[in-house]
Amino acid sequence: MAVYLFAGIAVRDFPGALAWYEALFGQPPSFFPHDTEAVWELAEGRSVYIVQRPEHAGHAAHTIIVDDLDAQVAGTAGRGLKPATQETYPNGVRKTTYLDPEGNEIGFGQVPA
């Protein structure tokens, strides 16, 4: 069975969110399905998208696991974004969380080797 992830984030201000997520991911979207939706393919079969749906904005909570959390955080800082929180759990998992301007929570985590 093939497994794909297509995680959505509702936003009110599509142009503002587009700029913010480009800074977060460090690249423009992979494609635009329509005028108010943008998709970033983070890895094969794993995508995150924003879509203008004002009535649902600000309620997303996603965590993306990366190989090198320090590099991810440094790159994101270099693009002008600062984390809202940084945590280390008792099992050694580290997580850095960002809040977009509408309150959506996007975290990057790293599992210990």
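Which residues does Phe25 touch, not counting residues up to four places away in sequence? In this predicted model, the contacts of Phe25 are Trp40, Leu42, Val48, Ile64, Arg79 and Phe108.

Let me begin with the core. The largest nonpolar core has 23 residues, and those touching the most other members are Ile9, Tyr21, Leu24, Phe25, Ile50 and Phe108. Two or more residues of this core come from each of S1, H1, S3, S4, H2 and S8. H1 provides the largest share, eight residues.

I turn now to the largest pocket. Its space amounts to about 370 Å³. There are 19 lining residues, and nearest the centre lie Leu42, Val48, Ile64, Ile65 and Phe108. By class, the lining comprises twelve nonpolar, five polar and two charged residues. At least two lining residues are supplied by each of strand S1 (5–11), helix H1 (14–25), strand S3 (37–43), strand S4 (46–52), strand S5 (61–65) and strand S8 (105–110). Of these elements, S5 gives the most, with four residues.

Finally, I would draw your attention to Leu69, which belongs to helix H2 (residues 69–78). Is Leu69 buried or exposed? Its relative accessible area is 2%, under the 20% limit, and therefore Leu69 is buried. Leaving aside residues up to four places away in sequence, Leu69 touches Arg94, Lys95, Thr96, Phe108, Gly109 and Gln110. With Gln110, 41 residues apart along the chain, the C-alpha separation is 5.7 Å.

Notes. Residues are numbered from 1 along each chain as its sequence is written. This is a predicted model: local features need pLDDT of at least 70, side-chain atom pairs count only at pLDDT 80 or more; totals for chains, interfaces and linings use all residues. Side-chain values use heavy atoms; hydrogens and water are left out. On a 1 Å grid over the protein atoms alone, a cavity is a set of points where a 1.4 Å probe fits but cannot get out, and a pocket is an open set with protein on both sides within 12 Å along at least five of seven lines; lining residues have an atom within 4 Å of a point. Grid points are joined across faces, edges and corners, and a volume is the space filled by probe spheres set on the points. Ala, Val, Leu, Ile, Met, Phe, Trp, Tyr, Cys and Pro count as nonpolar, Asp, Glu, Lys and Arg as charged, and the others, Gly among them, as polar. Buried means under 20% relative accessible area, exposed over 50%, partly exposed in between (1.4 Å probe, protein chains only). Contact means heavy atoms within 4.5 Å. A nonpolar core is a set of buried Ala, Val, Leu, Ile, Met, Phe, Trp, Tyr and Cys residues joined through side-chain atoms within 4.5 Å.
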